[in-house]
Structure formats: C-alpha cells, structure tokens
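Please look over the two chains shown below before reading on. The paragraphs that follow take up one chain, then the surface between the chains, and then several elements of the other chain.

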Amino acid sequence: MSNLSDLSVRQALKLLQNGDISSLELTQSYLDRIQALEPQIKAFITLTPEMALAQAKSADLLRKNNPDGDLPALLGLPIAVKDVLALKNVRCTCGSRILENFIPAYTATTVQHLLDAGVVILGKTNTDEFAMGSSTENSAFQTTHNPWNQDHVPGGSSGGSAAAVSAGMAPVALGSDTGGSVRQPASFCGITGLKPTYGRVSRFGLIAYGSSLDSVGIFSHSAEDLAVIFEQIAGRDPKDATSMNIPVPAIHLDSNTDLRGVRIGVPTEYFITGIQADVEKNVRTAIQHFENLGAQIVEISLPHTEYALPVYYLIATAEASANLARFDGVRYGYSAEAASLWERFKQSRGRGFGSEVKRRIMLGTYALSAGYYDAYYGQAQKVRTLIKRDFEQAFEHVDAIATPVAPTTAFKIGEHTNDPLAMYLEDIFTLPTNLAGVPGLAFPVGFDHQGLPVGMQLMGPHFKEETLLKLVHAYQLSTQWHKSMPDL
Amino acid sequence: MQLTIQEVEHIAELAKLDLSDEEKEQYREQLSSILAYATMLQNVDTGDIPPTASVLPERSVLRADIVQEPLTPETVLQNAPHQKEQQFKVPIVMENGQ
C-alpha cells in the first residue's frame with residue numbers, strides 16, 4: 001500500500017473496522033492529496049476540511065466507545081458530494097453565480113443517508129452550471145481538468161466528482177445524472193459510475209434540472225464499491241413522491257465469474273458512423289470478454305434511438321425552464337438592484353445565469369410556448385413513449401444492454417464550447433436511459449491511442465441495478481482496467 | 001427554421017431574462033439550428049401514441065396529515081437578499097398604494 005488514497009471503499013472500511021487506521025488518518029491523507037492536486041485538477045468548488053476532520057474525530061470516538069457495538073456501515077469513510085446536492089449550512093452553488101452565496105437550510109436525503117451511515121464529507125465538487133453540460137466548462141467558477149490528461153475535460157456535468165475519484169482525492173463521490181452526467185464523466189475519467197433507476201433514489205435536496213429525468217448517482221473505482229454506497233442511498237423517501245416503495249436488495253457480490261445463462265443485447269443503433277475507432281474497438285473487446293465469461297451476446301434493435309437527442313433537449317429544457325423560474329432574486333440568490341419587480345426578475349436572471357443555462361431556458365420556454373407546444377413538447381413526449389417501449393421490448397429478451405458510454409473519449413478543453421449541438425451529441429448514448437428511466441452503469445474497458453480511458457455502459461430493466469452491478473463485478477474480477485490510476 | 005430577433009425577444013420576455021443584443025443574436029442563431037435539428041421529430045408517426053410525462057406507474061401518493069415542526073422564519077429568510085419584518089421585501093408592485 002503506497003498511499004492510503006489508493007484504497008477501495010471495501011479495503012478502507014475493513015482497515016477502519018480492524019483499527020488498522022483511524023478515520024482521522026484516512027481523512028487527513030485525502031485532504032493532503034486534495035491540497036497537493038487541487039491546483040491542477042480543480043475538482044472542488046467548496047472544501048470542508050474543518051467539518052471533515054470533526055466528523056472523522058466523532059467517527060473514531062464512536063468506534064472507540066463501542067468496541068463490540070453495532071456501528072454505522074460507512075463509519076469514518078470520506079466522500080465528496082457534487083455541488084447540486086444540499087448539505088445543511090454548507091454553501092451550495094450549483095456551479096452558478098446566481099447561487100454563489102446560497103446556504104441550504106436542509107440536507108438532501110441521499111447525503112443524509114450517508115451521514116447517518118457515518119461518512120466524512122471532504123467537500124462539494126465542481127459541476128456545469130445547474131448540471132447543464134458535458135465538460136464542466138459551463139461552471140461559473142472553474143473548469144475541472146481530466147486527471148489522465150489535463151488538457152482534456154473530465155466530462156460533465158458531474159466532472160468534479162469524477163475527477164476527484166479518478167485522481168484519488170476521494171474514494172467515492174455522489175453525482176447527478178439527467179442525461180448522462182454521471183456515466184459520461186465516469187467514462188472520461190476511467191472510473192465506475194451508476195445512474196440508478198428513476199424513482200429508486202430520493203431527489204429531495206437535489207436542486208432540480210429536469211424533474212422527470214434527474215437521478216442521484218455514484219462514482220467509485222468498482223462495481224463492488226458502488227454496491228456498498230447504493231445500498232445506503234436507495235429506497236423510498238416520504239419527501240420525494242416519485243421515489244418508489246420497492247425493496248432494495250442486499251447486494252451480494254461473490255467471486256463467481258460464470259455468466260452462463262445471462263443474455264446481453266447489443267443494439268445496432270449504438271455502433272454508428274462517427275464513433276471513435278478506439279471506442280468501438282475497446283467496447284467490442286469487452287463485449288467479447290462477457291461472452292468468454294459465458295454470457296450469450298444477442299444483436300438487438302432500439303429503433304427510436306436517433307430521436308433521443310431532440311426528445312431529450314426539448315423535454316429537459318422545458319422542465320428546466322419551469323424549475324429555474326424559482327430563481328427570481330427574491331427568496332435567495334443574486335438579486336439585481338432594480339426599480340420594479342419585473343426588472344428585478346429579468347436583470348437578476350439575465351446576469352445571474354450563465355450562457356448555457358439561459359440557452360436551455362430559452363429553448364424550453366419556446367417548446368412550451370403557445371403555438372409551439374404540440375409540435376415540440378407534445379410530440380417529444382409521444383416519441384419518449386416510443387423510446388421507452390423500445391427498452392421494454394428489448395428487456396423481454398435480454399438481461400442487460402451493452403453500448404459505449406459516449407462516441408468519443410475525453411475531448412480537449414475548449415473544443416466544443418462554440419458549438420452547442422456538437423456538445424449535445426456527446427450524450428447520444430446516455431440520454432435514452434434517462435428518457436426510459438432505466439438504470440445505467442459505466443465502467444472502464446481500455447484506453448485510446450492517446451492514453452485516455454474508454455468506457456462501456458450496461459443498461460438494465462427498471463430496478464435491476466443488482467444485475468448490472470453483478471455483471472460488471474464479474475468483468476472487474478477478471479480484468480484490470482478499473483485498477484488503472486492516472487500518474488499524478 | 002429561422003427565428004427572428006422579435007421571436008427571441010418574445011421568448012426572453014416569457015422567460016424573464018434580460019439579454020444583451022449580442023446574446024439575442026447568438027441565441028437566434030443557436031436556437032434556430034437546434035430547432036432545425038429537432039424537426040426530425042415531425043417525421044415520427046405518433047398518431048395513437050400517448051405522451052410520457054413520467055416513466056413511473058401513475059399512482060396517488062398520500063401521507064398521514066400529521067403536524068410537523070416547520071422551519072423557523074429566520075431559517076426561511078436566511079438567504080433572502082432583501083427582507084423586512086420577517087418578510088421577503090420586493091420593489092413596489094402596484095403604484096399609489098392600490
């Protein structure tokens with residue numbers, strides 16, 4: 001063990017349980033690594049070292065005073081949290097000037113579950129403004145750099161969380177995924193990321209972007225580590241009417257890599273012209289690996305895939321235009337000095353929001369406006385039904401669907417900033433999952449010729465996160481890609 | 001699909017966004033090209049297809065009507081840019097005390 005920050009979640013928890021390390025030592029080692037790397041990576045908007053050290057001391061004290069007691073499952077484990085999830089009395093910016101000084105009065109349910117399980121919070125991570133973006137370049141504060149090559153983006157919108165885990169600045173991090181914002185940065189940063197089923201994890205305290213699409217997700221280095229965290233955050237929450245009362249299974253991942261009897265579908269529509277050759281090659285090799293483990297590979301069709309991008313950008317922006325109406329300079333956030341109330345609304349929003357957020361509010365407002373509603377928003381909702389049915393029909397025949405996470409590996413900082421449509425195309429393989437509400441798991445399967453990570457996505461039926469975690473666990477037991485760490 | 005500056009101004013007014021002239025021109029071009037891309041949806045036959053607003057099964061979610069401890073006025077107002085006597089303060093909405 002060269003460095004405490006190379007530990008997996010399971011290893012760290014075991015060392016803590018055995019008394020081999022204290023939470024204070026572990027937390028301090030992550031804070032030291034953050035201090036050393038943050039000037040180059042820029043993964044965090046707000047660091048909370050004092051709170052983290054206090055939480056670590058409390059965790060150590062609780063363990064010391066209860067040598068034989070039943071202790072919280074994650075006692076003393078450091079984590080990072082994307083800065084769109086509220087943590088009481090800690091600034092929550094959403095990467096936006098409009099919330100630069102916003103102090104939440106409550107804590108998101110997912111974060112509270114982890115606090116109840118004993119975690120230590122290192123800080124709040126960088127994000128594209130209001131989670132709208134694929135690179136963190138839309139953050140009002142900073143662009144996060146990809147730990148594998150710092151001229152490249154980490155992906156987005158949860159790029160801060162992905163870069164922090166990839167760089168060993170946190171063993172696990174929470175993110176949010178509305179159209180791929182956990183899976184695409186996980187892929188770009190060479191780590192494992194889960195977007196759970198819509199309704200599986202509470203959205204309470206997740207500052208809303210597209211309410212019918214938003215999911216809280218998790219980053220770590222392996223499916224095994226994700227399972228530990230997923231068990232803690234999943235389940236019904238009385239504060240989120242869309243969270244479902246469906247039992248969360250205790251996920252047992254054993255050493256079995258025999259996948260005989262499992263059927264994995266490969267949709268032809270996801271292997272298109274324009275996909276980077278290295279991405280296709282590595283994903284095809286990984287699919288072959290699943291076949292070698294005994295899985296049956298079946299070619300399938302998701303015929304409405306090409307419509308997912310326009311459907312997503314009409315529905316997500318329509319929902320965003322309504323959700324972001326709350327930022328009016330009255331109850332919280334930036335407030336322009338203006339003589340009339342209407343001018344205050346317009347100037348606060350005009351100056352407080354960045355250009356991508358305003359672009360999406362404009363697009364969503366247009367799609368919902370009189371005369372255009374049926375043609376744009378209404379039609380998008382109907383095509384969404386067809387996309388959802390594609391998945392329902394496919395899952396009658398297969399247990400999981402395998403695709404690339406994104407058509408490319410991490411692109412260069414600045415490469416797409418002047419062409420919103422090109423940036424939106426980075427999400428074509430992750431958007432359908434959110435439209436259908438199914439879970440998706442991204443994990444590393446190799447590197448391109450520049451040494452940048454390539455990610456593969458497995459999608460599953462509603463509430464079958466366990467299937468995805470088991471399949472990826474079998475892959476990771478028999479491969480080494482998830483153990484690669486950037487040289488920093 | 002080409003938006004006019006007047007249409008952009010109309011949308012900005014609906015969305016309550018104060019935009020500069022450069023922003024209006026930029027959004028006019030970008031929204032035009034995004035909407036042109038989205039016209040591919042008009043080619044999909046959705047005659048008898050119901051819309052999806054939520055992927056979850058439709059159901060009513062109720063809870064017991066139990067009085068709970070609310071946030072204090074101080075907490076609710078802790079982020080208010082302008083406040084007075086435990087209220088959010090805004091510029092005059094109606095003139096002459098009407």
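What percentage of the 98 residues in chain B do buried residues make up? The buried residues of chain B make up 15% of its 98 residues, where a residue is called buried if 20 or more other C-beta atoms lie within 10 Å of its own, exposed if 12 or fewer, and partly exposed in between, with C-beta atoms placed from the backbone. This is a predicted model, in which local features need pLDDT of at least 70 and side-chain atom pairs count only at pLDDT 80 or more, whereas totals for chains, interfaces and linings use all residues. Residues are numbered from 1 along each chain as its sequence is written, and chains are lettered from A and ligands numbered from 1 in the order in which they are written.

Chain B contains three helices and two strands, and from the N terminus on these elements follow the order α-α-α-β-β; helices (H or I, at least four residues) and strands (E, at least two) are DSSP runs, numbered from the N terminus. The radius of gyration of chain B is 23 Å, whereas a compact globule of 98 residues would have one near 13 Å; the radius is taken over C-alpha atoms, and the globule rule is 2.2 Å times the number of residues to the power 0.38. Taken along the principal axes, the box that the C-alpha atoms of chain B fill is roughly 55 × 45 × 30 Å.

Where the chains meet, 54 residues of chain A are in contact with 41 residues of chain B, contact meaning that the C-beta atoms of two residues, placed from the backbone, lie within 7 Å. On the side of chain A that touches chain B, at least two residues each are supplied by helix H9 (308–323), helix H10 (341–352), helix H11 (355–368), helix H12 (374–394) and helix H13 (420–425) of chain A, and the largest share, 11 residues, comes from H12(A). By residue class, this side of chain A divides into 29 nonpolar, 16 polar and nine charged residues; Ala, Val, Leu, Ile, Met, Phe, Trp, Tyr, Cys and Pro count as nonpolar, Asp, Glu, Lys and Arg as charged, and the others, Gly among them, as polar.

H11(A) deserves a separate look. Its 14 residues reach 20 Å from the first C-alpha to the last, close to the 20 Å expected at 1.5 Å a residue, the expected span being 1.5 Å times one less than the number of residues. H11(A) is mostly covered, with 12 of its 14 residues buried, and among these are A:Lys358, A:Arg359 and A:Arg360. The cover over the buried residues of H11(A) includes H9, H12 and H13 of chain A together with helix H1 (5–14) and helix H2 (21–38) of chain B.

Two strands of chain A come next. Strand S4 (residues 173–177) of chain A has five of its five residues buried, and therefore it is largely enclosed by the rest of the structure. On one side of S4(A) lie A:Ala173, A:Gly175 and A:Asp177 and on the other A:Leu174 and A:Ser176, all of them buried. S4(A) runs parallel to strand S2 (residues 78–82) of chain A, joined by two bridges, and A:Leu174 is the bridge partner of A:Val81; strands are said to pair if DSSP finds at least two bridges between them. Five bridges join S4(A) to strand S6 (residues 215–220) of chain A in an antiparallel run, where A:Asp177 stands opposite A:Ser215.

Strand S9 (residues 400–404) of chain A likewise has five of five residues buried, so it is largely enclosed by the rest of the structure. S9(A) pairs in the parallel sense with strand S7 (residues 263–267) of chain A over two bridges, and with strand S11 (residues 453–459) of chain A in the antiparallel sense over four bridges.

Helix H2 (residues 23–41) of chain A bends by about 35° at A:Gln35, with a proline, A:Pro39, following within four residues; the bend is the angle between axes fitted to the seven residues ending at a residue and the seven starting there. After H2(A) comes A:Lys42, whose phi is positive, near 55°.
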